[in-house]
Amino acid sequence: MYFKTFIVLGILIPLMAVTGLISNTVMDTVGITGKRYAYGFTHPNVLGAVLLVIVICWCYLHWKSIKLYHIVIINLLSYGMMQITDSSSSFICIAFISVIALLERWFDKKSKLNLWYFGIIVLLIFCPAISYYFMVKYTPSNPLMLAIDLFTTGRLRTMNAFFVKYGVKILGNPIIFDTERRSLLLFALDNSYGYILIRFGIIVSLFYFMGIFKVIKRAIQIRDTRIIICVFTFLRHSLILHYYLFLQIIMVIPINYMLKKGRVVNHEDWSHYISWCR
């Protein structure tokens with residue numbers, strides 16, 4: 001149901017935007033060299049995020065039967081989406097998980113499990129740590145930081161600007177985005193780790209990471225590399241954008257339920273999942 005819902009929304013909302021039933025947000029690309037289209041969503045990156053979630057769900061459900069032509073079709077669609085939305089991060093993550101889903105079965109099982117276990121733990125520590133470091137310590141006088149900031153289209157300096165303005169509190173701060181772009185530094189906070197910490201506070205951040213860690217730990221216990229690779233993709237993606245915060249939480253909850261039961265959940269299990277949430 002979750003997978004099918006995203007497919008329906010991913011088709012219906014753009015169609016409504018094309019037919020004029022809802023607005024179609026159009027933005028300039030970085031450097032104002034082109035246009036970005038959201039097709040009914042609040043931001044072009046959200047449209048890219050929806051496709052990413054659809055691909056991740058599809059790869060998870062068809063992990064053992066994915067063929068080369070599936071990967072080609074998926075990445076062609078993703079490339080076309082990138083041309084519309086200019087959301088390169090989603091394109092990179094889709095390419096990563098789709099290719100890994102195809103190649104993963106060819107590796108030696110023991111060595112690949114150890115590799116993914118090591119990689120996911122390192123990424124879980126590295127991604128928030130490096131985000132918080134740049135958020136607090138960023139200075140344009142540092143050549144390395146400036147180079148990384150330029151490579152990430154200004155994400156370091158904007159994250160630092162939000163940190164300076166709002167700080168970090170136990171229960172977070174209400175963030176006001178400058179949608180009229182009077183201050184380009186306060187227009188967007190495109191890093192999930194920084195966004196969660198500033199907006200929702202230290203307590204929510206701790207619970208967020210505890211939830212992800214629990215999912216990873218249980219996935220390792222039941223030796224399910226699919227879950228690990230899916231979470232790996234989201235952790236990497238969260239470095240660049242925060243629009244997927246709520247999508248990640250939605251993904252983590254049913255995955256957590258699957259792992260709690262120690263097996264893969266089928267369609268009949270969703271009624272039990274709803275009861276568990278209540």
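Let's start with helices H8 and H9, which run roughly antiparallel to each other. This is a predicted model, so take everything below as computed from its atoms. H8 covers residues 192-221 and H9 covers residues 225-237. Their axes come within 11 Å and cross at roughly 160°. Since angles over 145 degrees count as roughly antiparallel, that crossing angle is why the pair gets the label. As for handedness, the crossing of H8 and H9 is left-handed.

What holds the contact on each side? From H8 come Tyr-193, Ile-212, Val-215, Ile-216, Ala-219 and Ile-220. From H9 come Ile-227, Ile-228, Val-231 and Leu-235. Sort these by class and the contact of H8 with H9 has ten nonpolar residues, with no polar and no charged ones.

For charged residues, then, we turn to the salt bridges. Side chains of opposite charge can pair when their charged atoms come close. A search of the whole structure turns up three salt bridges, and we can walk through them one by one.

Take Arg-155 and Asp-190 to begin with. Their closest N and O atoms are 3.8 Å apart. Arg-155 sits in helix H7 (residues 155-166), while Asp-190 is in the loop between H7 and H8. That puts the partners 35 residues apart, so this pair links distant parts of the chain. Buried or exposed, these two? Both Arg-155 and Asp-190 are buried.

Next up is Asp-149, which forms a salt bridge with Arg-157. Here the closest N and O atoms are 2.3 Å apart.

The remaining bridge joins Arg-36 to Asp-86, with the closest N and O atoms 4.0 Å apart. Salt bridges are counted within 4 Å. Asp-86, at 34%, is partly exposed.

Methods. Residues are numbered from 1 along each chain as its sequence is written. This is a predicted model: local features need pLDDT of at least 70, side-chain atom pairs count only at pLDDT 80 or more; totals for chains, interfaces and linings use all residues. Side-chain values use heavy atoms; hydrogens and water are left out. Axes are lines fitted to C-alpha atoms, for helices over the stretch in contact, and angles run from 0 to 180 degrees between N-to-C directions. Helices (H or I, at least four residues) and strands (E, at least two) are DSSP runs, numbered from the N terminus. Angles under 35 degrees count as roughly parallel, over 145 as roughly antiparallel, 65 to 115 as roughly perpendicular and the rest as oblique. A crossing is left-handed if the near helix is turned anticlockwise from the far one by less than a right angle, and right-handed if clockwise. Contact means heavy atoms within 4.5 Å. Ala, Val, Leu, Ile, Met, Phe, Trp, Tyr, Cys and Pro count as nonpolar, Asp, Glu, Lys and Arg as charged, and the others, Gly among them, as polar. A salt bridge is a side-chain nitrogen of Lys or Arg within 4 Å of a carboxyl oxygen of Asp or Glu. Buried means under 20% relative accessible area, exposed over 50%, partly exposed in between (1.4 Å probe, protein chains only).
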